[in-house]
Structure formats: structure tokens, C-alpha cells
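Here is a short report on a structure. It takes single residues, then one chain, then the pairing of chains.

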Number of protein chains: 2
Amino acid sequence: METLRAIVTRRKTLKYKPSGPLSKTARTDLLRAAMSAPSAGKKKPWHFVVLEEDEALRELTGLLRERDSLHSAAMATVVCADAKEQEHMGHWAIDCSAATQNLILAAHDKGLGSAWLRIFPSKSRMKVVGEFLDLPDHVSAFSVVFVGEAKQPLTERAAALQAERAHWGRW
Amino acid sequence: METLRAIVTRRKTLKYKPSGPLSKTARTDLLRAAMSAPSAGKKKPWHFVVLEEDEALRELTGLLRERDSLHSAAMATVVCADAKEQEHMGHWAIDCSAATQNLILAAHDKGLGSAWLRIFPSKSRMKVVGEFLDLPDHVSAFSVVFVGEAKQPLTERAAALQAERAHWGRW
């Protein structure tokens, strides 16, 4: 799909069709897209924990108190940040956001639905996911992205341009 | 350009060919892409201040102590966040990151170079840019994106997949 079209037509998918796991190519493309985001310095803070087992998706959805329908997705990827690679949380949060955005765009490009759920900045969500995934102390869960076949195909509706949010020359 | 190709081949451009302003269509496409990012709630925190005057780009580059070559870009867009729309800086920083990522991807898609420079989380950079743009107190400068014709065409080199950053099933 053309980049601009992918960017403006992407939307969050909350209901998934139960399906098998994604192909290895699809998984690799999604992770490669995420890892192509820019980062604050040469050190990239991100790590990705990929969950595909139905039981794991169900447990994660429950822990986060998110809606049940999400666990039918084919995959959940927890985007994490390693504080050893980048100490300032302002910077790793920015890098991980850009990586997450790339991931959902790549999923949309492949005709897959996705949902970006936030973990950071909620301390309780970071704790619960960190324990669930056995993350080391220096690693923080930042976001989780569910990806899979949408139960209903997305209608291709582009986001509206908010003209009042653009300022020319100064505020 | 295909979405995945745009995502993995995008890189930062630091040297620009002096040129006229971007077309209105190009400007609109870039802003529309930025505004198509997901946000924490229904309220979107972002505002975009677009600078095109040579003098303004020169001044901004100087204030940020960034390299001179950037001011030859056709446009600089300062991505800002309105704390009235979203109070938690963790959330607006995430939304503005996703918007900034969309903006640089859309520029690359159009064959334009771009450079994402951080303002947040540096308090001194936020202050200096806020004063320069006359931002109201509840509005924070988050990032600035320079866009223009690259002095040298980018060689299309895809970012490497960092296999050691992917974890399967658990950490």
C-alpha cells in the first residue's frame, strides 16, 4: 500500500478473527519496521517480546483489564525499553513510540488490524506486565500491540485534516 | 512508495539544497499524515507551527545550536502539545512522537529529506523554542522536523534487523 494512504487510513482494530499465527515473513517485516524507527543516539533502547500462544494473549488481556476480544489476535508484541541503553525515560519513550507507530503502520500495510495499547506511563501497568514477562529490573514495558485479522474489514476512511491545529510562521 | 519500503529506508537528512517552498499539496499531505497518528483519548494534544521563511529557519537552527546546513531546508515544522487537551506529559509525548514519525515517513514517501530534532524532554530547548514562537504557557514545543530537498540523494539502505532485540514468548 502507498505510504500516505497507509498513514491516513490506519485505525485501531478491537475485534479479531481467530486465526493461526502470522507467517514468519510477516512477523519479521513487522519487527524490522519497528526497529527502523529513529532513536535519540546511536544506542537503540527497544526490545520486543512477541507472544503468540492463545493462553498468553488471554492472560495479558486480563492483566491489563482490556476487552476480551483482543485475545483473538494472532500476536501481541510488547515493546520494551532497556534503561541501560538510554537512561532518560523521556528519550526512550520517544524512541519506543516511533517504533510502535512503525509497527502498526506495517501491520495495516499488510492488511492486518492492530491495536496499540499503552503500558507506560502507568506505573501499575508497567509493573504487572514486567512481572508477567519476567523483565529484568532495567527493562520497562512501554506498549503492547495486538495484530491479527480484523473481524470486520476496515472501511477506508481517512482521518480529517484539523486545519485549526496548523499555525503559519508563529503561534 | 510502498509503506514498508518507506519505513525501512528512511534516514535523517542533515544537508539540504536551497529551494523554494513546498507545494501546498505537499504541505497539506505532511500535516495530514502527522494528524493521522493515534492518540491517548479522543482529545488530540498536537499543534503544528510551520516555518518557511529563510530567516526563521536560520534563527531556529541557531537557537537550538544545530548545524547550519539545516536552515537550507524548505520548511521546519514545530510539533507542539497543548496541556489543556491532555494533562499527562507521558501521554502527549507519545502522541506527538507518533505524529512526528508519520510526518517524516510522509516526507520520505514524497522523495523529500527530513530531520527530526528533539526539543522535549530538554527544558532549556522547550523554553527557548516556546519564547521564539510565542507559545502560550499551556503549550509545549515537543520536536522540530526540517523537510526539504536533500543535497545528495539518499542511497536506499534498509535498516538492519536486530535479531537479538526480539524475544519469543517471554524475555
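## Positive phi in two loops

B:Arg65 sits in the loop that links helix 3 (54-63) and strand 2 (75-82) of chain B. Helices here are DSSP runs of H or I with at least four residues, strands are runs of E with at least two, and both are numbered from the N terminus. Phi of B:Arg65 is near 55°, a positive value in a residue that is not glycine. B:Arg65 is exposed, with 8 other C-beta atoms within 10 Å. The burial scale counts other C-beta atoms within 10 Å of a residue's own: 20 or more is buried, 12 or fewer is exposed, and in between is partly exposed, with C-beta atoms placed from the backbone.

B:Asp134 also has a positive phi, of about 55°, and is not a glycine. Its loop lies between helix 5 and strand 4 (139-148) of chain B. B:Asp134 is exposed, with 11 other C-beta atoms within 10 Å. Most residues other than glycine have a negative phi, and most peptide bonds are trans.

## Basis of the model

This is a predicted model: local features need pLDDT of at least 70, side-chain atom pairs count only at pLDDT 80 or more, and totals for chains, interfaces and linings use all residues. Residues are numbered from 1 along each chain as its sequence is written, while chains are lettered from A and ligands numbered from 1 in the order in which they are written.

## A cis proline in each chain

The peptide bond from A:Phe120 to A:Pro121 is cis, with omega near 5°. In chain B, the bond from B:Phe120 to B:Pro121 is cis too, again with omega near 5°. A:Pro121 is in the loop between strand 3 and helix 5 (123-132) of chain A. B:Pro121 is in the loop between strand 3 (113-118) and helix 5 (123-132) of chain B.

Is B:Phe120 buried or exposed? B:Phe120 counts as buried, with 24 C-beta neighbours inside 10 Å. Leaving out residues up to four places away in sequence, B:Phe120 touches A:Gly90, B:Ala93, B:Met126, B:Ser140, B:Phe142 and B:Ser143. Contact requires C-beta atoms, placed from the backbone, to lie within 7 Å. B:Leu14 is 106 residues from B:Phe120 along the chain, and their C-alpha atoms are separated by 20 Å.

## Chain A as a whole

Chain A has five helices and five strands. From the N terminus, the order is α-α-β-α-β-α-β-α-β-β. The C-alpha trace of chain A spans about 45 × 40 × 30 Å along its principal axes. A compact globule of 171 residues would have a radius of gyration near 16 Å, and chain A agrees, at 16 Å. That radius is taken over C-alpha atoms, and the globule rule is 2.2 Å times the number of residues to the power 0.38.

Buried residues make up 49% of the 171 residues in chain A. Among contacts between residues at least 6 apart in sequence, 80% join residues at least 24 apart. A:Arg157 is exposed, with 9 other C-beta atoms within 10 Å. A:Arg157 lies in the loop between strand 4 (139-148) and strand 5 of chain A.

In chain B, the axes of helix 2 (residues 24-35) and helix 4 (residues 89-109) come within 7 Å and cross at roughly 145°. Axes are lines fitted to C-alpha atoms, for helices over the stretch in contact, and angles run from 0 to 180 degrees between N-to-C directions. Helix 2 of chain B contributes B:Asp29, B:Leu30, B:Ala33, B:Ala34 and B:Met35 to the contact, and helix 4 of chain B contributes B:Ala99, B:Asn102, B:Leu103, B:Leu105, B:Ala106 and B:Ala107. By class, this contact has nine nonpolar, one polar and one charged residues. Ala, Val, Leu, Ile, Met, Phe, Trp, Tyr, Cys and Pro count as nonpolar, Asp, Glu, Lys and Arg as charged, and the others, Gly among them, as polar.

## How the chains pair

A rotation of 180° with 0.0 Å of shift along its axis superposes chain A on chain B, with an RMSD of 0.0 Å. The two copies are thus related as by a two-fold rotation axis. Superposition is by least squares on the C-alpha atoms of residues with pLDDT of at least 70 in both copies. A:Thr3 comes closest to the axis among the residues of chain A, at 2.1 Å (C-alpha).

In the interface, 56 residues of chain A are in contact with 55 residues of chain B. Helix 4 of chain A gives the most to the side of chain A that touches chain B, with eleven residues. That side divides into 33 nonpolar, 13 polar and ten charged residues. The copies meet through the same surface, because 98% of the interface residues of chain A are also interface residues in chain B.

Terms used
Contact = placed C-beta atoms within 7 Å.
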